[in-house]
Amino acid sequence: DRVARMVLCGTSCGGALHHPGDPEASAALRDAQGLDEAGWVERVIPAIFGRRYIADHPDRVRAFARWRVRHPGDPVGLARQWQAYQRFDAAERIRAIRCAVLVLHGTDDRLSGMINAHTLARRIPGARLVPLDGVGHAPNIEAPDRFHAEIRSFMDERGGWQERGVA
């Protein structure tokens, strides 16, 4: 009742309707702890970013890998995040969503394939799917202008944040 609009990005509803992404991509992300820069570039970066972004921005990719090596995630927090990911199940509840929903999803997302986006858009009443062509699991980094423009446009529609006094 308190939400007028919702944006879902690179996700699924979990449970029986969840389609796991590329198992190698998930394993690379799960096993990233302790990798050096080369390991991040070779194994983890392709799991997070789309092929086009990696090819077009090698300096950014290496800088991201260096940053992740210098700032590793908390092992306990990461383990709990994977547990939550594996246990999450909103498959039976998503049909009850009554607010406007925008599903943004990269077509080159190896962690959560497009099939999950199609499932969300099909099962949430009135949801709108916007595929981001060639984008991986990090659209806010890979295609920030398009990502933000889609969200702004969606939120500015009648009934969006401005009418509810959230602007």
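Residues are numbered from 1 along each chain as its sequence is written. In this predicted model, local features need pLDDT of at least 70 and side-chain atom pairs count only at pLDDT 80 or more, while totals for chains, interfaces and linings use all residues; side-chain values use heavy atoms, with hydrogens and water left out.

**Stop 1: salt bridges**

A salt bridge here is a side-chain nitrogen of Lys or Arg within 4 Å of a carboxyl oxygen of Asp or Glu. By this rule there are 8 salt bridges.

Select arginine 5 and glutamate 157. Their side chains form a salt bridge, 3.7 Å from N to O. Helices (H or I, at least four residues) and strands (E, at least two) are DSSP runs, numbered from the N terminus.

Which of these two is buried and which is partly exposed? Arginine 5 is buried, with a relative accessible area of 14%, and glutamate 157 is partly exposed at 27%. Buried means under 20% relative accessible area, exposed over 50%, and partly exposed in between (1.4 Å probe, protein chains only).

Now select arginine 62 and glutamate 37. The closest N and O atoms of this salt bridge are 3.9 Å apart. The pair links distant parts of the chain, 25 residues apart: arginine 62 is in helix α4 (residues 58–70) and glutamate 37 is in helix α2 (residues 37–48). Arginine 62 is partly exposed, with a relative accessible area of 40%. Glutamate 37 is also partly exposed, at 23%.

Go next to arginine 146 and glutamate 150, whose side chains meet in a salt bridge of 3.0 Å, N to O. Both residues are in helix α8, 4 residues apart, so about one helical turn separates them. Salt bridges that share partners also join Arg5, Arg128 and Glu157 into one network. Arginine 146 has 37% relative accessibility and counts as partly exposed.

**Stop 2: the largest pocket**

Rolling a probe the size of a water molecule over the atoms shows where empty space is left. Pockets are found on a 1 Å grid over the protein atoms alone: a pocket is an open set of points where a 1.4 Å probe fits, with protein on both sides within 12 Å along at least five of seven lines, and lining residues have an atom within 4 Å of a point. Grid points are joined across faces, edges and corners, and a volume is the space filled by probe spheres set on the points.

The largest pocket has a volume of about 990 Å³. Select Leu29, Gln81, Trp82, Leu111 and His137, which are the closest to its centre of the 36 lining residues. The elements that give two or more residues to this lining are α1 (23–30), α2, α4, α5 (75–87) and α7 (139–142).

Which element gives the most to the lining of the largest pocket? It is α5, with 7 residues. The lining of the largest pocket holds 19 nonpolar, 15 polar and 2 charged residues. Ala, Val, Leu, Ile, Met, Phe, Trp, Tyr, Cys and Pro count as nonpolar, Asp, Glu, Lys and Arg as charged, and the others, Gly among them, as polar.

**Stop 3: the second largest pocket**

About 160 Å³ of space lies in the second largest pocket. Select some of its lining, including Met6, Leu8, Phe88, Ile94, Ile97, Leu120 and Ile124. This lining has 9 nonpolar, 2 polar and 1 charged residues.

**Stop 4: the largest nonpolar core**

A nonpolar core is a set of buried Ala, Val, Leu, Ile, Met, Phe, Trp, Tyr and Cys residues joined through side-chain atoms within 4.5 Å. Select Ile94, Ile97, Val101, Val103, Leu120 and Ile124, which touch the most other members among the 14 residues of the largest nonpolar core. The elements that give two or more residues to this core are β2 (100–106) and α6 (114–123). The largest share, 3 residues, comes from α6.

Stay on isoleucine 97. Apart from neighbours within four places in sequence, isoleucine 97 is in contact (heavy atoms within 4.5 Å) with Met6, Ile124 and Pro125.

**Stop 5: proline 46**

Proline 46 is in helix α2. At 25% relative accessibility, proline 46 is partly exposed. Not counting residues up to four places away in sequence, proline 46 touches Trp40, Val41, Ile54 and Arg110.
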